[in-house]
Amino acid sequence: MLNFKNIALRRGSRLLFDNASFTIHKGQKAGFTGANGAGKSSLFALVKNELHPDAGDFSMTPGLEIAHVAQETPASACSAIDYIMDGDQELRRLQSQLVSAEQADNGLKQAELHAAMEGIGAYTAPARASRLMSGLGFTADQQQKPVNSFSGGWRMRLNLAQALMCRSDVLLLDEPTNHLDMDAVIWLQDWLCRYSGTLLLISHDRDFLDSITDHIVNIEQNRAEIYTGNYSAFEKMRAEKLAQQQSAYQKQQREIAHIQGFVDRFKAQATKAKQAQSRIKALQRMELIAQAHVDSPFDFSFAKPDKMPNPLLTLKKADIGYGQTRVIQQAGLSISPGDRIGLLGPNGAGKSSLIKVLAGDMQPLSGTRQAAEALKIGYFAQHQLEQLRLDESPLWHLQKLDAQASEKDLRNFLGGFDFQGDKVLQAVKPFSGGEKARLVLALLVYQNPNLLLLDEPTNHLDLEMRHALSVALQEYDGALVVISHDRYLLRSVTDTLLLVADGQVKPFEGDLEDYRSWLAEQKKGEEKKLDDIAPALSRKDQRKLEAERRQKNKPLLDAVKKAEIAVEKFHNEQRQLEHQLADPSIYAESEKERLKMLVERKARVDKALAEADLDWIEAEEKLAEVK
């Protein structure tokens, strides 16, 4: 149980929220929402004991295992699958103890550790790690590659897999889908739905939140409040609450106006002065209701393109790839004004390469790309965030596009993307990923394109900005081609889906739920291939291995334990007999019969102890042989 009581958190002098009180119980899945910078990650830092509240108390059940995704990945030469298995700390602890027991030649301790490892499913750990890697988009060949051979985005996937590998009671995930494609997002969604622990999830993906969460903690207007239900339920409850607040606000404003009117009319009249004074005090005592407000600082739209030639862009028999590698063959595509196309397909199938060819950033290996003379492309991709001039301001970037525009007009335009006041003149370098993405989108919108090519435009954007982008795209008059793992965005802005898979680009007949079913079928085939490639990790072999271990180890462990108990029993009895025989009185003539009985009994115990010792040694040796 995680208990937040009257919590206040600040970032420097700025108050994030205060007086926050809510409890997250065992097994609940809570989504945390709010604008970037509202305090969601600070709450996570509080749970991880990296931060302490400025006021209030946070407490949780002692001894909980908390897992979270590491932000840094060491440049390690260990294999990817070993790195992921490091997430199972209990496994690594037992393995370390086993090495120590082997070095000490402690057979009994080794037997105990083998039993403990079997109890936690240690022998299936490679298979679990392999499944995690497969689900997050890694191929079988990548499992043994060193960690330092992966790029930044793939290292984040390794860190995510490592967190999922942990035997956690509480799992903290902060924007886990940012570096994933839709296939991996859907797989992760299903995995988290099955997760038995307590989940705290920060996400700006509506579908992801809706499918997983049963509570929402929303942070806005310096308040953190918990709602029961998923994100859709929260939106409905918040809308109702805001409507009620606005109604109460308007009612109170009418009451204030009525009272103030009475005061203004009669405060100068002696006969009414006492009543007027009473109403003034009533106004002073009144607890004012704030006007309902939702944190949505974004207000922008695409202007109507100047020209709309038809077709805008055509690909004919295009082979797409790098060097001698062709990921797409003989692609044919014609884009006309008003087309709204979403690209689907597994990771590595060539979706981003296709977008690059459409944008003219990459040439097809063969075939033709024909662009209309008046074609004006607006292209968004993650690498463009890195092309911003870090030492320059948002205003400078916009002035480079339109030197003739007035500063006032440019400031007003940037304000629609929540670049307000001094922020307009600040250098881009310290901006967050979300702020940089908003600036790139602002530059794209300002250029008034007639063809938008968007490759994962919602990464780093919060829910309100995603909503504003969806609304703007719905009203956009030009053509649109988009890759996105945000299924809400795809449903909102596209009406045609193309599947990029198996070297082809073809229409996908169905919706996103049908695509999910298609992915599931593909995954079954991949898992079968994985079992064929690595039979030692297959479920069948793992069951066989576990059965063999139980069959061989349990009788031997039982024999070791039984022999150990027998040795201890006979050893105790031997000591008692020796103590009695050490008593001088036992050798008196009157104790002759008792002495004889004790001597015979000790002889039998000595023999039994020797046999028990032999049984113990034999059992230990057999266990060592099996190991």
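Which residues does Glu435 touch, not counting residues up to four places away in sequence? I looked this up, and Glu435 touches Phe419 and Lys423, where contact means heavy atoms within 4.5 Å.

**Before going on.** I am working with a predicted model, where local features need pLDDT of at least 70 and side-chain atom pairs count only at pLDDT 80 or more, while totals for chains, interfaces and linings use all residues. Residues are numbered from 1 along each chain as its sequence is written, and side-chain values use heavy atoms, with hydrogens and water left out.

**Entry 1: Glu435.** I found Glu435 in helix α14 (residues 433–446). Helices here are DSSP runs of H or I with at least four residues, numbered from the N terminus. Glu435 counts as buried because its relative accessibility is 15%; buried means under 20% relative accessible area, exposed over 50%, and partly exposed in between (1.4 Å probe, protein chains only).

**Entry 2: α13.** Next I looked at the buried residues of α13, which are Leu410, Leu414 and Gly415. Seen down the axis of α13, these fall within an arc of 140 degrees, so they line one face of the helix. The arc is taken from the directions from the helix axis to the C-beta atoms. On the other side of α13, I saw that Lys408 and Asn412 are exposed. What covers the buried residues of α13 includes α12 and α14.

**Entry 3: α12 against α13.** I then followed α12 (residues 394–401) to α13 (residues 407–415): their axes come within 10 Å and cross at roughly 115 degrees. Axes are lines fitted to C-alpha atoms, for helices over the stretch in contact, and angles run from 0 to 180 degrees between N-to-C directions. Pro394, Leu395, Leu398 and Gln399 of α12 make the contact with Glu407, Leu410, Phe413 and Leu414 of α13.

**Entry 4: α4.** My next stop was helix α4 (residues 107–119), where the end C-alpha atoms are 18 Å apart; this agrees with the 18 Å that its 13 residues should span at 1.5 Å a residue. The expected span is 1.5 Å times one less than the number of residues. I listed the buried residues of α4 as Gln110, Ala111, Leu113, His114 and Met117. They fall within an arc of 165 degrees seen down the axis of α4, so they line one face of the helix.

**Entry 5: Lys145.** Last, I found Lys145 in the loop between α5 (125–135) and α6 (152–165). Lys145 is partly exposed, with a relative accessible area of 41%. Cys78 is 67 residues from Lys145 along the chain, yet their C-alpha atoms are separated by 7.9 Å. Not counting residues up to four places away in sequence, Lys145 touches Cys78, Ser79, Ala80 and Phe150.

Definitions and conventions. Helices (H or I, at least four residues) and strands (E, at least two) are DSSP runs, numbered from the N terminus.
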